[in-house]
Each structure stands twice: as C-alpha cells, then as structure tokens.
Amino acid sequence: MINFIGITDENNLKTEISISNINFSNYKWFWVDFNQPTDEEIRHLADTFRFHPLAIEDCIHRLQRPKLDYYDDYTFFVTHIVREEEKKIIKEELNFFVGVNFIVTFHLKPSKEVDEIWERVLQKNIEKWVPFYVFYRTLDKIVDNYFPIIYKIEDDLDKIENNINHKSMNFLMTELFDTRYMLLNLMHTVNPMRDLLYRMLNSHHLIKISERREYFSDIYDHLLKLSDTIMSDRELTADIRDSYLSLNSHQTNRVMKILTIITSIFAPLTFIAGIYGMNYENMPELTWKYGYFLTLGLMGITGISMFIWFKRRGWFK
C-alpha cells in the first residue's frame, strides 16, 4: 500500500489521501511510504515523482549495498534493516528519497522502524518534523535495533565459552561456527552503513545534514561502536575455537599416550605368549611341571616392572 502524510502551510496534518491526483504544492512538506507496494503502485515512483530510473531499479532489486546517490532535487539512500531469526541474520532493504520538502520511503517487507516513526509523526508536535528529521529518526531507529542482536550474540558466546550445560564439543563447535557466521553477516551490513554515514557527514551536497551534524554524528558513533564490537566478538570466537581445538588435541594426545602405555606393557607379554603358543614338539619348556606358573610369573613381573618404570618416567602425569 501507499501511505501519505502531508503538512500544510498552516501546520495541519493530512492523511488518507491518494497520490494519484494530488497537488504536492499544497503542502509545506510530505511523507509518502511505499509499504510492500504492488507493481502498479511502484510505477508511481516514475510517473508521479519522476525519480531516476537507476534509483527505482535499486529499489526493486533487493539488498543493494548501503549507499547514497545525488540527484537534482533529492538524494537517494539505501539502508539495511536487520533482524535475527533462529540463529540467522535476516536483512531487508529500506530506501529513502529525501528532498527539501518531501521524503519517500520504499520497502518490500514490513518495517517496524518506519511504522514507529510514522506513529510519532501523527501523535507529536508537527512543527519540529521536517523531511531530514524524519530521515534521521528512522535511521537512528534502524541502527538502534542492531544492538539487541549484538547483545544476544554476546550472551550466546558467554554460554559457549562457559559451557555450564556440559554440552559435547561437537555441538559447541557447531554453535560457535553458527555464531561466527551471524557476526560475519552482521559485519557486512554494519560496515557499509558506517561508510554511508561517513559519506553523509563529509558531503558538501547534504546541507540539511550539515546543519544537524551532531545528530547524524551520534548515529555514526553508534555504528563505530557496533563495528568494533563485532570485530571483538569475531576475535573471541576465534579464541574459543582455538581453545576447543587445543583441548581436543590435548585429550586426543592423552588417550593416545594411555593406549601407547597399554600397548607397550602388553607387547612383551604377547611376545612370550606367542613363543609358547607355537606348539612345536622340540620345546623343552612345554614339558616342565611348573612351566605354566613360571611363564605367568615372568609375564606378571615384566608387566609390573614396565608399569613402575613408566610411572617413574612421568608418563602417567
């Protein structure tokens, strides 16, 4: 659907108006939201607003990299909304056309960020709302919603590192790599968004943003913090992975050492049993009355002696 908010010169708020035959010059500024639009509604981007075909193409093709493009009387912004579902990072694109007296938002999926700011515009003092302030509040809400995802990932990393539920190492490694993949996907959104804010703050074309530099600088600081946190968390996942691999290697080496000790003890015993198990007729020891007991004694003394020797060498530590 297409939603409309128009502010007249008398600061009256108008809604529920079709843009098919509207006279935009009657409004001091207006906000049009393309919320999951149909193909027919998408054509208004070209027919009604006369937006550039390349910008419209970026709207239709999903998940463009966050960016901005300058046009004659407006600036086009591509941003990313992120949410977490079942250990997966879901990205959605939210596009802005921002001019001096208008803002147009376009999204193919529902956006709670846009809905929340829309309700605030309807309920709060109209005089303070202008297109770039709407853009700032929506962008700030998008970035703020990144933080709960990061905090949840950090909680998951703490659980993996502490392993209070004593899960198997294979299960923990699977969880760890899933978390690492989530961080990678999140980084592919946060870093381009950070670069986008950097361009906005250092652009000579965006006068309205320069006039409100402190607001957008605050968003940029949040993105810097997010980027640093993601990098730290990825380093933590690498440390946890290396620790688990080292622990697994240590356990494997310990098992191999124990098996080696057992094999070393039984090797001479097997040798003795093999000799006297050949059943040749010309073996004098086979006719001894106490040969069986002497052989068992020899095997026992050999095994105990090797056990004591290995223990003194520190093989059991």
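1. Two strands are said to pair if DSSP finds at least two bridges between them. Helices (H or I, at least four residues) and strands (E, at least two) are DSSP runs, numbered from the N terminus. On these terms, strand S5 and strand S6 (residues 88–99) pair in the antiparallel sense over twelve bridges.

2. The structure is a predicted model, in which local features need pLDDT of at least 70, side-chain atom pairs count only at pLDDT 80 or more, and totals for chains, interfaces and linings use all residues. Residues are numbered from 1 along each chain as its sequence is written, and side-chain values use heavy atoms, with hydrogens and water left out.

3. The secondary structure of the protein comprises ten helices and seven strands. Its radius of gyration is 36 Å, well over the 20 Å that the globule rule gives for 317 residues, so the protein is more spread out than a compact globule. The radius is taken over C-alpha atoms, and the rule is 2.2 Å times the number of residues to the power 0.38. Along the principal axes, the C-alpha trace spans about 120 × 40 × 35 Å.

4. Of the 317 residues, 41% count as buried (under 20% relative accessible area, with a 1.4 Å probe and protein chains only). Contact means heavy atoms within 4.5 Å. Among contacts with a separation of 6 or more, 65% come from residues 24 or more positions apart.

5. Strand S5 (residues 74–85) has nine of its twelve residues buried, so this strand is largely enclosed by the rest of the structure. Strand S4 (residues 67–70) pairs with S5 in the antiparallel sense over four bridges, and a hairpin of three residues joins S4 to S5. Within this pairing, Tyr70 stands opposite Thr75 in S5.

6. On the side of S6, the bridge partner of Arg83 is Ile90. The hairpin of S5 and S6 has two residues between the strands, and Glu86 takes a positive phi near 50° there.

7. Leaving aside neighbours within four places in sequence, Thr138 is in contact with Leu94, Phe96, Val114 and Ile117. Thr138 and Arg194 are 56 residues apart in sequence and 16 Å apart in space, C-alpha to C-alpha.

Key. Buried < 20%, exposed > 50% of the residue type's maximum accessible area, 1.4 Å probe, protein only.
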